[in-house]
Amino acid sequence: MKTEFELKTIGFIKRNNDQKMIVVDEKYRPAMKKLEDFSHIIVFWWANEADNQEARELLTCFPPYAQEIEAGMFSCRSPFRPNPIAMTVCPVLSVDHDSGVITVTDIDAGDNSPLIDIKAYFPVCDRVKNAKYPDWLNGWPEWMPDEGIGLM
């Protein structure tokens, strides 16, 4: 079984004051065709600020949203993980094919975080009916708030 894989960045995340943008490298811009037809996208990005040996070896943590609970990294959304791949569902404001810029309302990636992939949000595939989650997540909204929950 293959144990190592090659990832290629396809762009980066840009945060400029209140503006959040996904910037796609010129080579990959044809892949954006028809993206403006979707209200949301799923953005996969590399949590480069958490990419160090110590963070990659963390297996449990006390999440900031449930500080009394020790959870495994696979049970939380921490950027500290064996492979710091992060994912955010983002509402799309605009798509500029010429510049490769997708303006979004919210993303929890830091400025200049490497972009790994983008997938259009398909409700039939990307949400589930009757999802189960632990009591320690009670109090979180049922749906993503319009203002998001990412970095301010």
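**Inside the core, then out to a loop**

Start at Val43. Setting aside neighbours within four places in sequence, Val43 is in contact (heavy atoms within 4.5 Å) with Ile13, Ile22, Ala86, Met87, Thr88, Cys90, Ile107, Leu115 and Asp117. This is a predicted model: local features need pLDDT of at least 70, side-chain atom pairs count only at pLDDT 80 or more, and totals for chains, interfaces and linings use all residues. Residues are numbered from 1 along each chain as its sequence is written, and side-chain values use heavy atoms, leaving out hydrogens and water.

Now widen the view. A nonpolar core is a set of buried Ala, Val, Leu, Ile, Met, Phe, Trp, Tyr and Cys residues joined through side-chain atoms within 4.5 Å. The largest one here has 21 residues. Val43 is among the members that touch the most others, along with Ile22, Ile41, Ile102 and Ile107. Strands β2 (19-24), β3 (40-46), β6 (85-96), β7 (101-104) and β8 (114-120) each supply at least two of its residues. β6 gives the most, with 4. Strands are DSSP runs of E, at least two residues long; helices are runs of H or I, at least four; both are numbered from the N terminus.

Next, find Ser113, in the loop between β7 and β8. Is Ser113 buried or exposed? Its relative accessible area is 2%, so Ser113 is buried (under 20%; exposed is over 50%, partly exposed in between, with a 1.4 Å probe and protein chains only). The side chain of Ser113 reaches the backbone oxygen of Gly110 at 2.9 Å. Beyond four places in sequence, Ser113 contacts Gly11, Phe12, Ile13, Trp45, Trp46 and Asn48.

Last, confidence. pLDDT is the predictor's confidence in each residue, from 0 to 100. The protein's mean is 91, and 97% of its residues reach 70 or more. Confidence is highest in β8, at 98, and lowest in helix α2 (residues 123-126), at a mean of 89.

Conventions. Polar contact = N/O pair within 3.5 Å; in protein donor to acceptor, adjacent residues only side chain to side chain.
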